2 protein chains.
Amino acid sequence: MRSRSDVLETAVLGLLNESPLHGYELRKRLNLVLGSFRALSYGTLYPALKGLVARGLIATAESAPPPSARKPKPGIPGRTTKPNPLGRRRVVYELTPEGKEYLQSVLATAGPAAWEDDNFDVRFALFGQTDAETRLRVLEGRRTRLTERLEAFRESTAHPRSRLDEYALELRRFGLEKVEREVHWLDGLISTERGRAAAQNRSPQQEQPKKERG
Amino acid sequence: MRSRSDVLETAVLGLLNESPLHGYELRKRLNLVLGSFRALSYGTLYPALKGLVARGLIATAESAPPPSARKPKPGIPGRTTKPNPLGRRRVVYELTPEGKEYLQSVLATAGPAAWEDDNFDVRFALFGQTDAETRLRVLEGRRTRLTERLEAFRESTAHPRSRLDEYALELRRFGLEKVEREVHWLDGLISTERGRAAAQNRSPQQEQPKKERG
DNA sequence: GTTCGATGTATCGAGTCGATACATCGAGAG
DNA sequence: CTCTCGATGTATCGACTCGATACATCGAAC
């Protein structure tokens, strides 16, 4: 029943589904793609990888020396051939068939676990591996969640239990604006997705990704 | 050397400086004012309060029955006067002189500890207790920090080490937009603060808080 | 009258972070 | 040529935080 850890698992699985990776590279991509500048630490990543291995969703494929290595380094007899027996140590992870299956089942579900704050970013980043209907339902779920929040927010502002000073109020206002902005962003995405679905229904052939105006 | 905990300490001290509070109420206000809808848990709050007490920055002033109690409840002899010996148990915290002094010293510093992500919100919410010059320097520091981030961000987009798919890119774009939006927000605040400072220099009398346009 | 929800204090297990340790490699400085 | 430095790479530790939960009292509804 790990709730937050689920997000990380999904993210790892999603990245490994694109290509096998080792921990260091995995962390870099995780930080690049998700939580735009959040720093995921190894103290989080490695235990998560262990867990996934233990559950049989990913497997390790030891070593393979670094890509830019492999220089023949001609016959110096000293310590050239064996400075270490395995090149630079590397542990490459890849999805097992069970992992692929599990990932597909996760990506096919559209529920609260898909549109809560942290989860949403990960799920959205993996939309490329998600089918159109699920994409739409996740986007709509997220939108509903945010408007509920907006509602509660405005209500608590209407009935202030404790007066806030000028700056605290401004901070609150800016926070509200951020959420409104995300709702607007979602509106654009939803209408784009609907457009795609409609186009695909009319003529079920490959659609080139439509660009929405910024 | 607690780094994140410092934020919470400052927030607690700042709130208690306005009025003594008990834990439950403290948590509600913390969640209302700071991290717009973040949920600070008791598992965080109570240890922090303990620590502050241990360091002599706040003190407990036990009990005082709930505000809406105190109804005389005329002469029923039974259990009226003493249903429980201490009303509903409450632990009220208030700043000690040392705490006030410490808070002032914290609020007077404008350094990275003031404008990093989490810290900034707290410091901004306490701007009402911060002098004008420090306010300005914190805002400017925050702005510099964000533009640096923007820079690194754009650079990593210009030299993509790994190609991102359509959705991951859109997520990144939206993240970038959020940061740009905050920079713009800061620009407005900075110019407002400068205006106040200038007005105060010209005629050093009380200025009514100028309203910037939404 | 008793059940329910708000108020209130407090702790626990699981998960996360930031720092750090350790090791290899490439490249630049002296 | 050697030496150091920074990037790459795996891994763990302690301190901290969260979400859930336990426990208790009060007001009000039924």
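**Entry 1: what counts as buried**

I start with a cut-off: a residue is buried when its relative accessible area is under 20%, exposed when it is over 50%, and partly exposed in between. I keep in mind that this is a predicted model. My test case is A:Arg149, which is buried because its relative accessible area is 12%.

**Entry 2: the partner of A:Arg149**

Next I asked which residue forms a salt bridge with A:Arg149. I found A:Asp117, with the closest N and O atoms 2.9 Å apart. A:Asp117 sits in helix α6 of chain A and A:Arg149 in helix α7 of chain A, so the pair ties together parts that are 32 residues apart in sequence. I checked A:Asp117 as well: its relative accessibility is 35%, so it counts as partly exposed.

**Entry 3: helix α7 in both chains**

I stayed with α7(A), which has 27 residues. From its first C-alpha to its last it reaches 39 Å, close to the 39 Å expected at 1.5 Å a residue. I did the same check for helix α7 of chain B, residues 132–158: its 27 residues should span 39 Å, and its end C-alpha atoms are 39 Å apart, which agrees.

Which residues of α7(A) are buried? I listed A:Thr134, A:Arg135, A:Leu136, A:Val138, A:Leu139, A:Gly141, A:Arg142, A:Leu146, A:Arg149, A:Leu150 and A:Phe153. In α7(B) the buried residues include B:Arg135, B:Arg142, B:Arg149 and B:Phe153.

**Entry 4: salt bridges inside one helix**

I looked up A:Glu25 and found a salt bridge to A:Arg29, the closest N and O atoms being 2.9 Å apart. The two are four residues apart in helix α2 of chain A, which means about one helical turn separates them. A:Arg29 has 21% relative accessibility, so it counts as partly exposed.

I found another pair in helix α8 of chain A, where A:Arg173 and A:Glu170 lie three residues apart, about one turn of the helix. Their salt bridge has its closest N and O atoms 2.8 Å apart.

**Entry 5: where chain A meets chain B**

Now I turned to the two chains together. I found 39 residues of chain A in contact with 39 residues of chain B. The size of an interface is often given as the accessible area lost when the parts come together. For chain A and chain B I wrote down about 3,500 Å² buried between them, 64% of it on carbon and sulfur atoms.

How many salt bridges are there across the interface of chain A and chain B? I noted two. One of them joins A:Glu166 to B:Arg196, with the closest N and O atoms 2.6 Å apart. I also counted twelve residue pairs in polar contact between the chains.

Then I asked which elements give two or more residues to the side of chain A that touches chain B. They are α2 (23–33), α6 (117–125), α7 (132–158) and α8 (166–202) of chain A. α8(A) gives the most, with 17 residues. I sorted the residues of this side by type and got 16 nonpolar, five polar and 18 charged.

Technical notes:
Residues are numbered from 1 along each chain as its sequence is written. Chains are lettered from A and ligands numbered from 1 in the order in which they are written. This is a predicted model: local features need pLDDT of at least 70, side-chain atom pairs count only at pLDDT 80 or more; totals for chains, interfaces and linings use all residues. Side-chain values use heavy atoms; hydrogens and water are left out. The expected span of a helix is 1.5 Å times one less than its number of residues. Buried means under 20% relative accessible area, exposed over 50%, partly exposed in between (1.4 Å probe, protein chains only). Contact means heavy atoms within 4.5 Å. Buried area is the accessible area (1.4 Å probe) that two parts lose on being put together, summed over both. A salt bridge is a side-chain nitrogen of Lys or Arg within 4 Å of a carboxyl oxygen of Asp or Glu. A polar contact is a pair of N or O atoms within 3.5 Å; within protein, one must be able to donate a hydrogen and the other to accept it, and residues adjacent in sequence count only if both atoms are side-chain atoms. Ala, Val, Leu, Ile, Met, Phe, Trp, Tyr, Cys and Pro count as nonpolar, Asp, Glu, Lys and Arg as charged, and the others, Gly among them, as polar.
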